[in-house]
Amino acid sequence: MKVLWAPWRMKYIVSDQKGVECIFCPGEDRTDDQAKLILHVGSLSMVMMNRFPYVNGHLLVAPVRHVADLESLTSDEMLDLLMTVRGSIGVLSKVMCPEGFNVGLNLGRVAGAGVEAHVHFHIVPRWNGDTNYMTVLGEVRVIPEHIKETYRKLLPHFRKFADGALEEKNEAS
Ligand SMILES: [Zn+2]
């Protein structure tokens, strides 16, 4: 068994999550985005790194609007969300060269949703052999410094989203 050095998990485990503001509601103030590991806030969708990741590069994509399920999304939000998922996969492919991805939704606490009130996609990059260090505990072992370093590498690519990179890709395909 490898050592699981994940001190930030404790903060997650001991916080009861009640009365804590929603991590997926980005608000108007962009000055704390780096501390919150937010990579992109568009008009309808946002992207952030998972502070409690399965692997380094684990991203979360959510609608800007605070809604709990897919049924509550408008068609425009749904389209923007999926385009943002696609764009995020594109950035991860370019920057981290994963060999595959797991993309999905955890709907409801029983399905593993950490934040039930605000629907969000998980994008987990995968590499051959990564399960060697992704233990069956399903919790992780990516040190915070690695997350910050990856954030710095990903951010310039997500900045292009704001300049219409998502739309360009859409038109090209
Ligand atoms: Zn929210």
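Student: How many disulfides does a search of the whole structure find?
Tutor: The search finds 0 disulfides, a disulfide being a pair of cysteine sulfur atoms within 2.5 Å. This is a predicted model, where local features need pLDDT of at least 70 and side-chain atom pairs count only at pLDDT 80 or more, while totals for chains, interfaces and linings use all residues. Residues are numbered from 1 along each chain as its sequence is written, and side-chain values use heavy atoms, with hydrogens and water left out.

Student: OK, and which residues coordinate the zinc ion?
Tutor: Cys 22 (SG), Cys 25 (SG), His 66 (ND1) and His 118 (ND1) coordinate the zinc ion at 2.0 to 2.3 Å; donors are N, O and S atoms within 2.8 Å of the metal (3.2 Å for Na, K and Ca), and since water is not among the atoms, sites may look incomplete.

Student: What spacing do those donors follow along the chain?
Tutor: The spacing is C-x2-C-x40-H-x51-H. Cys 22 lies in the loop between α1 (7-14) and β1 (38-41), and His 118 in the loop between β4 (100-105) and β5 (121-126), so the pair ties together parts that are 96 residues apart in sequence. Helices (H or I, at least four residues) and strands (E, at least two) are DSSP runs, numbered from the N terminus.

Student: Is Cys 22 buried or exposed?
Tutor: Cys 22 is buried, with a relative accessible area of 19%, and His 118 is buried at 0%, whereas Cys 25 is partly exposed at 29%. Buried means under 20% relative accessible area, exposed over 50%, and partly exposed in between (1.4 Å probe, protein chains only).

Student: Switching topic, what comes just after α2?
Tutor: Just after α2 sits Cys 97, which takes a positive phi of about 50°.
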